[in-house]
Amino acid sequence: MEFTLGQVAAILQGIVEGDETQKVSRLDKIQEGKQGGISFLANEKYTPFIYETDATAVIVSTSFVPTKTLKTNLIRVEDAYTGFTKLLEAYSMLMKSSLVGVEEPCFFDASSSIGDQAFRGAFSYIGKNCVIGDSVKIHSHVHIGDRVKVGNNVIIHAGAKICADTIIGNNCEIHPGAVIGSDGFGFAPQGDGSYKAIPQIGNVILEDNVSVGANSTIDCATMGSTIIKKGAKIDNLVQIAHNVIIGENTVVASQTGISGSTTIGKNCVIAGKVGIVGHITIADNTTIGANTGISKSIKKSGSTLFGYIAMDMKDFLKSYSIFKKLGSIEDRIRELEKKQ
Amino acid sequence: MEFTLGQVAAILQGIVEGDETQKVSRLDKIQEGKQGGISFLANEKYTPFIYETDATAVIVSTSFVPTKTLKTNLIRVEDAYTGFTKLLEAYSMLMKSSLVGVEEPCFFDASSSIGDQAFRGAFSYIGKNCVIGDSVKIHSHVHIGDRVKVGNNVIIHAGAKICADTIIGNNCEIHPGAVIGSDGFGFAPQGDGSYKAIPQIGNVILEDNVSVGANSTIDCATMGSTIIKKGAKIDNLVQIAHNVIIGENTVVASQTGISGSTTIGKNCVIAGKVGIVGHITIADNTTIGANTGISKSIKKSGSTLFGYIAMDMKDFLKSYSIFKKLGSIEDRIRELEKKQ
Amino acid sequence: MEFTLGQVAAILQGIVEGDETQKVSRLDKIQEGKQGGISFLANEKYTPFIYETDATAVIVSTSFVPTKTLKTNLIRVEDAYTGFTKLLEAYSMLMKSSLVGVEEPCFFDASSSIGDQAFRGAFSYIGKNCVIGDSVKIHSHVHIGDRVKVGNNVIIHAGAKICADTIIGNNCEIHPGAVIGSDGFGFAPQGDGSYKAIPQIGNVILEDNVSVGANSTIDCATMGSTIIKKGAKIDNLVQIAHNVIIGENTVVASQTGISGSTTIGKNCVIAGKVGIVGHITIADNTTIGANTGISKSIKKSGSTLFGYIAMDMKDFLKSYSIFKKLGSIEDRIRELEKKQ
């Protein structure tokens with residue numbers, strides 16, 4: 001889509017300095033700006049680029065005073081970064097909402113329903129007795145199993161698999177290849193050393209405003225529900241086992257794994273590659289550093305944990321700083337032993 | 001599906017206390033039981049809920065003696081937990097076996113064959129010269145490459161990719177998004193620093209009763225076969241490299257990675273996020289704790305290992321308990337040095 | 001496909017000793033050779049198998065002198081391993097190049113173009129305004145979003161998802177289930193503890209000869225490009241976040257995760273399960289051991305790093321060797337304290 005600088009200024013409630021009839025169709029970094037692109041200048045260290053950029057226009061704050069001649073047009077707004085973000089959002093919103101209709105072939109069981117302003121991509125699959133809301137965008141190769149409920153304004157990207165009985169709230173976004181509602185890993189050991197699968201008859205509930213990253217997996221509950229609460233954000237390749245509960249506005253970074261029946265509080269920040277054992281509880285506002293192993297419940301709200309077996313982060317870093325020189329520590333002991 | 005309490009009691013060889021014409025269509029947790037659901041009471045700590053639950057019926061053991069008035073119906077069986085498990089299995093079996101037929105469009109090369117009581121979902125793909133057994137359920141978006149052999153009673157969930165030449169035994173279950181038989185990661189370094197792919201011409205063999213979790217990846221062998229033996233259970237997001245062999249009834253939890261040409265014995269339990277180097281052998285009955293790094297062969301059957309570089313689990317925990325107080329250890333050495 | 005031993009010898013510029021009209025259709029390990037297969041003998045420790053193998057032929061070096069009677073045919077070449085590799089490549093090339101045409105149904109937007117000798121599998125999806133080169137093989141269930149550019153001789157395996165605006169060079173291979181160009185994990189914290197998604201409007205660029213493993217995820221840049229440079233090889237289940245740059249001929253093994261805006265040099269070797277924080281730079285020729293955590297930039301080219309928080313590999317192993325006996329270290333300190 002193409003906009004004149006005048007149109008962009010109107011969206012941002014800003015003022016054009018230059019030719020407001022010129023057109024932009026792309027958002028560029030200022031140092032990589034090219035004809036037809038619009039950039040922003042919010043960080044002083046990028047100021048030199050504004051005199052060289054080939055971008056058609058640059059969004060600047062009202063406080064910006066050029067010290068050389070400019071070849072680009074300016075759009076002045078109160079705060080350039082906020083302005084650019086507003087533009088990004090408007091652009092992104094426009095791109096998403098403009099996607100409406102049905103691409104054929106796709107599969108839609110007659111017992112299911114879907115709201116207005118929806119998109120269903122080619123080869124998307126919607127099973128029996130599903131209830132899907134308004135403005136839901138279901139991309140190609142998405143699988144939606146039987147009895148799934150989906151709220152409004154949900155985006156399900158290409159190839160995501162939503163298994164039977166899953167419930168998805170409003171404004172959720174499921175990225176490509178994510179699997180929601182696969183069977184939990186539950187097996188009963190038999191007398192002969194073999195295992196028998198325990199039927200997993202629960203489901204997954206994603207509340208409103210949840211995001212699930214590409215190729216992440218969220219298992220259904222054995223019974224009841226695995227629940228990702230309102231506003232929680234899950235990154236790529238994350239594993240969430242059966243009956244886990246993730247609290248409101250908790251963020252879980254890539255490649256983290258959370259074992260079965262663990263409950264995580266709200267407003268936690270869990271970095272990448274964290275491993276959390278099953279059947280424990282993590283307090284609200286917990287911060288967990290990358291690669292940390294959590295083996296027991298965290299009871300105190302606001303803790304910051306880190307380490308192979310989690311410790312208070314400062315304590316771990318202290319111990320690790322001594323671990324690094326353990327060779328010389330042993331030498332000092334040897335020296336003391338000699339001198340006895 | 002809906003059953004009367006009389007029908008449920010017949011399946012469980014139990015006795016109804018209450019109205020055996022009432023109907024249930026759902027399995028509920030006792031503390032979340034609602035009209036139309038059936039629960040069980042096996043753990044004493046849940047006993048208070050039986051007097052409050054809205055479930056239509058609760059399965060109890062013959063030994064249960066109510067101490068207050070009950071508003072729910074009872075189904076008495078010898079052991080409530082076993083009874084409930086039996087019910088779960090019957091339900092699950094019924095759900096699975098009732099899925100028969102073909103949804104269109106789907107792709108099936110005329111050179112391939114498939115047995116009776118099969119299901120092929122919309123957009124499933126079956127390539128050339130495949131031989132697929134009876135009661136195989138192939139869900140939507142499944143890809144089955146050329147010359148794949150699949151036994152009987154296999155379930156391949158939505159979007160799983162079974163690459164060419166894979167052999168799958170009976171009663172296997174492949175969860176959504178799993179990739180079986182992708183190329184091994186084999187590259188020959190060239191003189192100029194670049195790499196050339198080594199063709200990967202082997203395959204993957206899954207023996208009977210194998211389960212592979214959602215979005216897990218099992219690479220084909222460079223030559224010969226990557227083999228997952230009878231009864232092994234693989235969780236979600238697990239990586240199994242080329243020419244790995246996993247022994248009978250070995251369990252591998254989520255996000256574990258096993259490097260090329262490693263052989264793992266039978267009846268091992270490998271927790272989540274374990275990393276195992278290539279070209280080694282792990283003895284039967286080995287237990288490996290979460291997040292453990294295995295860098296060399298384990299020769300002694302029945303070992304329990306743990307740690308960043310694996311150690312006997314007790315030894316690692318002892319060392320880690322001292323690691324945690326390394327700060328004070330250094331203080332004590334400093335103190336000794338001062339006093340000399 | 002079936003070849004006579006004479007045809008194989010011609011490809012390898014070798015000489016048949018035995019019956020050159022016999023046919024082979026398979027490459028076997030020498031210890032598992034069966035009628036119709038061809039093997040090679042390059043490692044002396046496998047010599048005993050050549051007298052027992054049921055393979056129809058074995059490729060041997062000119063220097064090989066049998067010490068017993070052989071029942072298999074020989075193809076003599078200058079170097080058996082090189083010869084076998086050549087055969088593998090010829091076979092693999094033949095298999096790939098023979099795949100041409102279109103399987104129906106598939107989706108191809110009329111605004112897009114694709115070159116000669118291409119293959120498009122059933123249920124593959126190609127969006128708007130894509131430009132796709134010659135000899136590109138697009139397997140079943142592949143999703144290619146709008147405005148994607150793909151070079152020549154690219155293989156995109158079943159179910160891979162290439163999101164909008166991605167640019168792929170020549171001779172790349174994308175394995176099943178990989179996701180290229182999903183949204184980066186960027187959220188702006190709001191005053192009430194919730195998060196708002198930052199629109200991700202950049203793309204991913206894969207230069208020539210890049211390989212991406214099964215179910216790996218490469219996020220698009222927030223702005224600009226996430227770039228995987230020429231010849232880089234990415235294994236399965238790897239996470240590459242927004243705005244990462246991976247240098248030429250760098251190898252990244254399975255389950256490694258690289259956080260946002262990190263730049264990795266060329267000719268690096270990064271083992272499995274490595275975690276790298278965001279916004280840092282890794283020098284060329286860096287080697288990183290399995291499971292290592294990298295928390296800061298590596299400035300010196302040619303470093304070899306290892307450890308929970310990366311150290312020089314030798315230093316880490318020294319420290320870990322003492323960590324293993326920390327129990328006895330504490331005993332020695334206690335002993336010294338007693339003797340004061």
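Let me start with a serine in chain B: the side chain of B:S112 reaches the backbone oxygen of B:G127 at 2.6 Å, and the term for such a pair is a polar contact, meaning N or O atoms within 3.5 Å, where within protein one must be able to donate a hydrogen and the other to accept it, and where residues adjacent in sequence count only if both atoms are side-chain atoms. The model we are looking at is predicted, so local features need pLDDT of at least 70 and side-chain atom pairs count only at pLDDT 80 or more, while totals for chains, interfaces and linings use all residues. Residues are numbered from 1 along each chain as its sequence is written, chains are lettered from A and ligands numbered from 1 in the order in which they are written, and side-chain values use heavy atoms, with hydrogens and water left out.

Where does B:S112 lie? It is in the loop between strand 9 and strand 10 of chain B, and here helices (H or I, at least four residues) and strands (E, at least two) are DSSP runs, numbered from the N terminus. B:S112 is buried, with a relative accessible area of 8%; buried means under 20% relative accessible area, exposed means over 50%, and partly exposed is what lies in between, using a 1.4 Å probe and protein chains only. Leaving aside residues up to four places away in sequence, B:S112 touches B:I126, B:G127, B:K128, B:N129 and B:C130, where a contact means heavy atoms within 4.5 Å.

Staying with chain B, please find B:Q117, which lies in the loop between strand 10 (113–114) and strand 11 (119–120). B:Q117 has a positive phi of about 55 degrees although it is not a glycine, and this residue is partly exposed, at a relative accessible area of 48%. C:D165 sits in the loop between strand 18 (161–162) and strand 19 (167–168) of chain C, and it is partly exposed, with a relative accessible area of 26%.

Next, the peptide bonds. In chain B the bond from B:E104 to B:P105 is cis, with omega near 0 degrees, and B:P105 is placed in the loop between strand 8 (101–102) and strand 9 (107–108) of that chain. In chain C a cis peptide bond joins C:E104 and C:P105, with omega about 0 degrees, and C:P105 is found in the loop between strand 8 (101–102) and strand 9 (107–108) of chain C.

How are the chains related? In general, two copies of a chain are related by a rotation about an axis and a shift along it. Chain A can be laid on chain B with an RMSD of 0.1 Å by a turn of 120 degrees and a shift of 0.0 Å along the axis, so the two copies are related as by a three-fold rotation axis. Chain B is superposed on chain C by a rotation of 120 degrees with 0.0 Å of shift along its axis, at an RMSD of 0.1 Å; the superposition is by least squares on the C-alpha atoms of residues with pLDDT of at least 70 in both copies.

Let us turn to chain A, which has five helices and 40 strands. Its C-alpha atoms fill a box of roughly 80 × 80 × 30 Å, taken along the principal axes, and buried residues make up 55% of its 340 residues.

Which residue of chain A does UniProt mark with the feature "active site"? The unreviewed entry places that feature at A:H242, with the caution that UniProt positions are given in the numbering used here, that feature names are shortened, and that annotations may be inferred rather than shown by experiment. A:H242 is in the loop between strand 29 (239–240) and strand 30 (245–246) of chain A, and at 16% relative accessibility it counts as buried. The side chain of A:H242 makes a polar contact with the side chain of A:T222, at 3.4 Å. Not counting residues up to four places away in sequence, A:H242 touches several residues, among them A:G184, A:Q200, A:D219 and A:S261.
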